[in-house]
Amino acid sequence: MNGTEKLQRLLDIVRDEIIPLSESEIQRGNHIFGSAIVRADTLTSVMVGSDNRVENPLFHGEIDALNRFFKLPVRPSPKELIFLSINDPCPMCASAIAWAGFEELWVLFETKDAEADFSMPSADLMYRDLFGVEGIRAENPYFEKHSLKKAISAGSNHEELRKLLEEIIKRYDAMQPAPFDYPGNSSG
Ligand SMILES: [Zn+2]
């Protein structure tokens with residue numbers, strides 16, 4: 001599988017598996033942030049997760065997928081898997097991905113992607129206010145972080161992928177999560 005096919009598969013998982021779950025979960029009062037755990041060899045999903053703040057404010061999309069994944073009686077090693085998140089994970093989720101042993105993280109958007117208003121201000125503020133840093137280091141001893149949007153923008157033969165990405169952005173733009181009382185009084 002070449003690099004373009006990999007990007008295509010990851011976008012397909014966002015559109016066909018993460019988005020339908022998120023669209024249903026925002027009806028229950030949850031946020032739009034979803035994630036998937038994907039086999040690195042076949043690029044098929046093993047688990048999909050959604051923000052589940054209604055049940056527990058710690059159940060972000062990443063934590064939800066991890067909790068479900070580790071309940072599987074038989075599961076691949078995280079080293080054989082890709083963690084796919086809609087947006088740059090918050091400090092809690094980035095640490096959880098590292099603790100779980102994932103070595104490859106893909107995000108659809110990075111917090112600094114100006115045109116995608118996906119960032120949760122609380123998450124950005126926590127990096128800054130708790131740790132004095134701006135976010136995740138893309139290269140660190142635990143995992144390598146890649147941006148789908150950046151990889152798609154970089155390719156000269158990615159016309160179809162760009163169209164699919166536009167379609168995905170429109171789907172997210174149409175989602176309207178209910179207000180939520182964030183810690184630190186930031187809105188998001
Ligand atoms: Zn999080």
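Student: Which residues touch the most other members of the largest nonpolar core?
Tutor: This model is predicted. In the largest nonpolar core, the residues with the most such contacts are Leu10, Val14, Ala36, Phe83, Leu84, Ile97 and Leu148. The core has 41 residues in total. Helix H1, residues 3-26, gives the most to this core, with seven residues.

Student: What does Leu10 touch, beyond residues up to four places away in sequence?
Tutor: Leu10 touches Leu84, Trp106 and Leu148. Each of these counts as a contact because the C-beta atoms lie within 7 Å.

Student: What makes S1 and S2 a pair?
Tutor: Five bridges link S1 and S2, in the antiparallel sense. A pair needs at least two bridges, so S1 and S2 qualify. One of the bridges has Ser35 facing Gly49 in S2. Five residues lie between the two strands of this hairpin, where Leu43 takes a positive phi near 55°.

Student: How many bridges join S1 to S3, and in which sense?
Tutor: Five bridges, antiparallel. Val38 stands opposite Ile82 in S3.

Student: Which sense does the pairing of S3 and S4 have?
Tutor: S3 and S4 are parallel, over four bridges. Phe83, named above among the core residues with the most contacts, stands opposite Leu105 in S4. Strand S4, residues 104-109, also runs parallel to S5, with four bridges. There, Leu105 has Lys145 as its bridge partner in S5.

Student: Why is the pairing of the whole sheet called mixed?
Tutor: The five strands form an open sheet in the order S2-S1-S3-S4-S5, with mixed pairing. S1 and S2 pair in the antiparallel sense, while S3 and S4 pair in the parallel sense. Strands of a sheet pair through backbone hydrogen bonds, either parallel or antiparallel.

Student: What makes a strand here an edge strand, and which ones are they?
Tutor: An edge strand pairs on one side only. Strand S2 (45-50) and strand S5 (144-147) are the edge strands. From one strand to the next, the twist averages 20°. Helix H2, residues 61-71, packs on the sheet and touches strand S1 (34-39), S2 and strand S3 (81-87). The direction of H2 makes about 135° with that of S2.

Student: How do you know that S4 is mostly covered?
Tutor: Five of the six residues of S4 are buried. Across the 188 residues of the chain, 36% count as buried.

Student: What hand does the β-α-β unit of S3, helix H3 and S4 have?
Tutor: The unit is right-handed, with helix H3 spanning residues 91-100. It is called right-handed because, with the strands pointing away from the viewer, the path from S3 over the helix to S4 runs clockwise.

Student: How many helices and strands does the chain have?
Tutor: Six helices and five strands. Along the sequence they follow the pattern α-β-β-α-β-α-β-α-β-α-α.

Student: How do you know how compact the chain is?
Tutor: The radius of gyration is 16 Å, close to the 16 Å that the globule rule gives for 188 residues. So the chain is as compact as a globular protein of that length.

Terms used:
Residues numbered from 1 in each chain as written. Predicted model: local features only at pLDDT ≥ 70, side-chain atom pairs only at ≥ 80, totals over all residues. Core = buried A, V, L, I, M, F, W, Y, C linked by C-beta atoms within 7 Å. Buried ≥ 20, exposed ≤ 12 C-beta atoms within 10 Å, placed from the backbone. Contact = placed C-beta atoms within 7 Å. Axes fitted to C-alpha atoms, helices over the stretch in contact; angles between N-to-C directions. Rg over C-alpha atoms; globule rule 2.2 N^0.38 Å.
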